[in-house]
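I opened the model to look up its ring contacts, its strand pairing and its surface. My notes follow in that order.

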Amino acid sequence: MLKSELIRRIASQNPHLYQHDIDKIVTVILDEMVEAMRRGDRVELRGFGAFSAKLRGAHQGRNPRTGVAFQVSKKAVASFKTGKEVRARLNRETVPSP
């Protein structure tokens, strides 16, 4: 699902809200989540999951096409761990209809 699709779905379920307002809300929420992770905080959405930033150290990389080695600098990467409720909903068995 793309961000624009999410905004359209929210707008269709809430016709009293303007789509550009929903876009601003979603953007602010995502920006705040990124800023929290930049500060080293963990972002937890109960029942959904938790986002955190993990640091990857510098290491030697290699171009797969040419085989030339190069240095990869250290960087932060986003990590997500699903919540119990999401895992249960994803793995729920569907009951076949008779």
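I took rings of Phe, Tyr and Trp (its six-membered ring) as paired if their centres lie within 6.5 Å, with planes under 30 degrees apart counted as stacked, over 60 as edge-to-face and the rest as tilted. This is a predicted model, so I noted that local features need pLDDT of at least 70, that side-chain atom pairs count only at pLDDT 80 or more, and that totals for chains, interfaces and linings use all residues. I number residues from 1 along each chain as its sequence is written, and side-chain values use heavy atoms, with hydrogens and water left out.

Aromatic pairs. I searched the whole structure and found 2 of them. Phe 48 and Phe 80 make a tilted pair, 5.5 Å centre to centre with 50 degrees between the planes.

Phe 48 is partly exposed at 41%, and Phe 80 is partly exposed at 36%. Phe 80 also pairs with Phe 51: the ring centres are 4.6 Å apart and the planes are at 45 degrees, so I logged this pair as tilted. Phe 51 is in strand S2 and Phe 80 in strand S5, 29 residues apart. I recorded Phe 48, Phe 51 and Phe 80 as one aromatic cluster.

Sheet. I counted two strands as paired if DSSP finds at least two bridges between them. S1 (residues 43–45) and S2 (residues 49–56) run antiparallel and are joined by 3 bridges; Glu 44 stands opposite Ala 50 in S2. Their hairpin has 3 residues between the strands, and Gly 47 there takes a positive phi near 85 degrees. S2 also pairs with S5 (residues 75–82), antiparallel, over 8 bridges. Within that pairing I found Val 77 in S5 as the bridge partner of Lys 54.

Helix H2. I looked up Leu 30, which lies in H2 (residues 19–38). Leu 30 is partly exposed, with a relative accessible area of 40%.

Terms used
Helix = DSSP H or I, 4+ residues; strand = E, 2+ residues; numbered from the N terminus. Buried < 20%, exposed > 50% of the residue type's maximum accessible area, 1.4 Å probe, protein only.
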